[in-house]
Amino acid sequence: MMDMHVTDTDRPDPSVMELIAARPSLSMHAMDGLLLDDVPLNAIADAQGTPCWVYSAGTFRRRYRLLRDALAEAGIAPHIHFAVKANDHLAVLRLLGNEGAGADVVSGGELSRARAAGIPGERIVFSGVGKTAAELTLALSEGIAQINVESAEELEMLSAIACGMGRTARIALRVNPDVDAGTHPKITTGLADNKFGIQAGDVPALYARAASLPGIEPVGLAMHIGSQINVMTPFLAAFRRMAILVQALRDQGLTVRLVDCGGGLGIDYRGDVTSTPAALAGAMKAELGGLDVQLVLEPGRWLAGPAGVLLSSVVLVKQSRPRPFVVLDAAMNDLLRPSLYEAWHGIVPLSAVEAAHMPIDCDVVGPVCETGDTFARSRSLPPLQGGSRVAILEAGAYGAVMSSTYNARPLAAQVLVDDGHWAVIRPRQTVDALWRDEVIPPHLTRQG
């Protein structure tokens, strides 16, 4: 899921230099301007134009290894499945797959993407509240590791499909632990009135039912309480409830070999205090470490968010009261999160000269014909002008993957920076590609 980053709005925004200093992949060069892993972002913008997504392969690898090592040091070593919904580009999936990650998918399309990127079926977990018969059939045919079942109805449908295929479906029941993650209402997923999962009180009977059904092998329990969680309290409460359920199932003579802890670990968008992989590992070990189960983790934003930026150019600065409007060539169709969640993203000039100027208050907006096409209100930024370039930070998760062609705006190019070099991983969509697959019925083409 996605989110608004809940912050204390009374705090001043971090300065441009504070934003850069807090991000290991970024630096400012006096002549070349803003660098991502020592590659000048202006050089990429010169060659590919803007808007343009740029990802740091080094950041993906560094964060994956930091998470993996923190879990190993806690002595729990769960299977790590990247949440494909955060960033589904084949290059990103291949990169993380090469590091040892599996995939957490929520659609047949994501499952097919993960397989196309080289992630084997046995390292794929399928979550989601509305899996279709076709998607469940695909999952079984690919021999994936587990299907996280979210309802009694889905369980019965899956049993029938598996029997018809002569397959056995390994399943975990997704539990709704009724825990408030303390994040944006649109991205909390573990409350009783959310659509996700099975109420904890219904799990024992349904797990027993799963164990009796043909074509079904129940292997454990799964959960996911939300996204952008920056304190351990909700995780601890949810893990504790999962541990109680595991014991209750075992007391009934049922086998529980696995607990899928979901994802949700937050990142720093605005200089906020965030929890660490070590803290999450400690919470998992404290509540689940003594259960003798295989643990599973499904990080998305934590791995991908800090690895990406969105480059944009200033179209013009519209002088207005009470603040000028800085109009970018990027828009809500490119990066939806600020419009959808009022999410805060850092904005940094690419020019070292501009970045050094005294900031002023401005509103940063896009050109789409919607008032909601706004990246920042009353943001303190160095004065910008037409032709200035900026990088919108923490755009590696729920950025390009949520893009659209609203207002007939082609999808932006995507670039991967790796070890001092960069490569285009998705060319900018051409304008004529917007209607290439559209058909005008013959009767509309007749004259008179």
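Modeller: What follows is a set of questions about the labels used for this model, which is predicted.

Biologist: Why is Glu298 called buried?

Modeller: Glu298 has 7% relative accessibility. Buried means under 20%. The value falls under that cut-off, so Glu298 counts as buried.

Biologist: Where is Glu298 in the chain?

Modeller: Glu298 sits in the loop between strand 13 (294-297) and helix 11 (301-304).

Biologist: What makes a residue a contact of Glu298, and which residues are in contact with it?

Modeller: Contact means heavy atoms within 4.5 Å. Neighbours within four places in sequence are left aside. Glu298 is then in contact with His81, Ala83, Asp104, Val125, Ser127, Asn148, Asp260, Gly262 and Gly263.

Biologist: Is Arg301 buried or exposed, and how do you know?

Modeller: Arg301 has 3% relative accessibility. The cut-off for buried is under 20%. Therefore Arg301 counts as buried. Arg301 is found in helix 11.

Biologist: What makes the link between Arg301 and Gln228 a polar contact?

Modeller: The side chains of Arg301 and Gln228 are joined at 3.4 Å. A polar contact needs N or O atoms within 3.5 Å, with one able to donate a hydrogen and the other to accept it.

Biologist: Which residues does the UniProt "binding site" annotation cover?

Modeller: The annotation comes from an unreviewed UniProt entry. The lining of the largest cavity includes Gly264, Glu298, Pro299, Gly300, Arg301 and Tyr398.

Biologist: How many cavities does the search find, and what makes a space a cavity?

Modeller: The search of the whole structure finds two cavities of 30 Å³ or more. In a cavity, a 1.4 Å probe fits but cannot get out. The largest cavity has a volume of about 150 Å³. Of its 20 lining residues, Gly263, Gly264, Leu265, Glu298 and Gly300 are the closest to its centre. By class, this lining has eleven nonpolar, six polar and three charged residues.

Biologist: What is the volume of the second largest cavity, and which residues line it?

Modeller: The second largest cavity holds about 40 Å³ of space. Its lining includes Asp13, Trp344 and Arg379. Helix 1 (16-21) and strand 18 (374-381) each supply at least two lining residues. Strand 18 gives the most, with three. The lining divides into six nonpolar, two polar and two charged residues.

Biologist: What makes a space a pocket, and what is the volume of the second largest pocket?

Modeller: A pocket is an open set of points, while in a cavity the probe cannot get out. The second largest pocket holds about 380 Å³ of space. Among its 23 lining residues, Ala22, Pro24, Arg63, Pro306 and Glu394 are the closest to its centre. Helix 3 (57-73) supplies the largest share of the lining, four residues.

Biologist: Why is His357 called partly exposed?

Modeller: His357 has 41% relative accessibility. Buried means under 20% and exposed means over 50%. The value lies in between, so His357 counts as partly exposed.

Biologist: Where does His357 lie, and which residues is it in contact with?

Modeller: His357 lies in the loop between helix 13 (352-355) and strand 17 (360-365). Leaving aside neighbours within four places in sequence, His357 is in contact with Pro382 and Pro383.

Key: Residues are numbered from 1 along each chain as its sequence is written. This is a predicted model: local features need pLDDT of at least 70, side-chain atom pairs count only at pLDDT 80 or more; totals for chains, interfaces and linings use all residues. Side-chain values use heavy atoms; hydrogens and water are left out. UniProt positions are given in the numbering used here, feature names are shortened, and annotations may be inferred rather than shown by experiment. On a 1 Å grid over the protein atoms alone, a cavity is a set of points where a 1.4 Å probe fits but cannot get out, and a pocket is an open set with protein on both sides within 12 Å along at least five of seven lines; lining residues have an atom within 4 Å of a point. Buried means under 20% relative accessible area, exposed over 50%, partly exposed in between (1.4 Å probe, protein chains only). Grid points are joined across faces, edges and corners, and a volume is the space filled by probe spheres set on the points. Ala, Val, Leu, Ile, Met, Phe, Trp, Tyr, Cys and Pro count as nonpolar, Asp, Glu, Lys and Arg as charged, and the others, Gly among them, as polar.
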